[in-house]
Amino acid sequence: NAGVTQTPKFRILKIGQSMTLQCTQDMNHNYMYWYRQDPGMGLKLIYYSVGAGITDKGEVPNGYNVSRSTTEDFPLRLELAAPSQTSVYFCASNEPPGQYTIYFGEGSWLTVV
Amino acid sequence: GENVEQHPSTLSVQEGDSAVIKCTYSDSASNYFPWYKQELGKRPQLIIDIRSNVGEKKDQRIAVTLNKTAKHFSLHITETQPEDSAVYFCAATPYSSASKIIFGSGTRLSIRP
């Protein structure tokens, strides 16, 4: 059971480039989330999804886009990367009300230069 | 808006002593209160959680208490050990809207040998 898998683990982007962070989970969870965590800071919600075909903005959605075509996958797209997007990105999932525990991926370290 | 306040932001205790981290929440509809531990460079992982119908829960050296009237909950770690050094996050989730998970800002706990 792999849980939540994110790729890539590390990436350096140049300003203005675009990229997609991949996230997949094998727990059949309907709820999925993308968080960012700046150095020494807490978790900020970027986008979330409560099921395939449904996405919604979190606290800090600007500069990002998501899609949810399947239950398993929840990719995060960064358009026109900016230095302010340098952060660690965590994908997560859970299945309330039976499974409130949030399972996080290992994180993706992104640096924009 | 809804928020969760966490104190202190940093905490240093002598090995073997106890550590207490406190959180207050604003959404009275919150009914589920997890605590996550994040070791350096790792993903957050659930260590203990409590639901609103319970006032206290223990798991070996860690315990969580909840005061719904005052809207605050606390994490207690007894007989601290070096491996307890990490960042701890509290969170609050209303049953009615599981996607509205609100995390505290985190407490960096250091255990002095």
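View 1. Side chains of opposite charge can pair when their charged atoms come close. Residues are numbered from 1 along each chain as its sequence is written, while chains are lettered from A and ligands numbered from 1 in the order in which they are written. Because the model is predicted, local features need pLDDT of at least 70 and side-chain atom pairs count only at pLDDT 80 or more, whereas totals for chains, interfaces and linings use all residues; side-chain values use heavy atoms, with hydrogens and water left out.

**View 2. Two salt bridges within chain B.** How many salt bridges does a search of the whole structure find over all chains? The search finds seven, and two of them are shown here. B:Lys57 meets B:Asp49, with the closest N and O atoms 2.9 Å apart. B:Lys57 is partly exposed at 35%, while B:Asp49 is buried at 15%. The other pair is B:Arg61 with B:Asp84, at 2.9 Å from N to O. B:Arg61 lies in the loop between β6 (56–59) and β7 (62–67) of chain B and B:Asp84 in the loop between β8 (72–77) and β9, so this pair ties together parts that are 23 residues apart in sequence. Helices (H or I, at least four residues) and strands (E, at least two) are DSSP runs, numbered from the N terminus. B:Arg61 has a relative accessible area of 22% and is partly exposed, whereas B:Asp84 is buried at 6%.

**View 3. Where chain B meets chain A.** Contact, meaning heavy atoms within 4.5 Å, takes in 20 residues from chain B and 23 residues from chain A. The area buried between the chains is about 1700 Å², and carbon and sulfur atoms give 61% of it. B:Arg43, B:Ser99 and B:Phe103 supply 33% of the area that chain B buries against chain A, more than any other three residues. Buried area is the accessible area (1.4 Å probe) that two parts lose on being put together, summed over both.

**View 4. The salt bridge across the interface.** The rule finds one salt bridge between chain B and chain A. B:Arg43 meets A:Glu106 there, at 3.3 Å from N to O. With A:Lys9, these two residues are linked in a network of salt bridges.

**View 5. The disulfide of chain A.** A:Cys23 and A:Cys91 form a disulfide with sulfur atoms 1.9 Å apart; the term covers a pair of cysteine sulfur atoms within 2.5 Å. The torsion about the S-S bond is about -75°, so this disulfide is left-handed. A:Cys23 lies in strand β3 (residues 19–25) of chain A and A:Cys91 in strand β9 (residues 87–95), so the pair ties together parts that are 68 residues apart in sequence. Both cysteines are buried, A:Cys23 at 3% and A:Cys91 at 0%.

**View 6. The disulfide of chain B.** B:Cys23 is joined to B:Cys90 by a disulfide, at 1.9 Å from S to S. The torsion about the S-S bond is about -100°, so this disulfide is left-handed. B:Cys23 sits in strand β3 (residues 19–25) of chain B and B:Cys90 in strand β9, 67 residues apart. Both B:Cys23 and B:Cys90 are buried.

**View 7. Backbone details to look for.** Most residues other than glycine have a negative phi, and most peptide bonds are trans. The bond joining A:Thr7 and A:Pro8 is cis, with omega about -5°. A:Pro8 is in the loop between β1 (4–7) and β2 (10–13) of chain A. In chain B, the peptide bond from B:His7 to B:Pro8 is cis, with omega near -5°. B:Gln60 has a positive phi, near 55°, and is found in the loop between β6 and β7 of chain B. This residue is exposed, at 78%. Phi of B:Lys71 is positive too, near 55°; B:Lys71 lies in the loop between β7 and β8 of chain B and is partly exposed at 27%.

Notes: A salt bridge is a side-chain nitrogen of Lys or Arg within 4 Å of a carboxyl oxygen of Asp or Glu. Buried means under 20% relative accessible area, exposed over 50%, partly exposed in between (1.4 Å probe, protein chains only).
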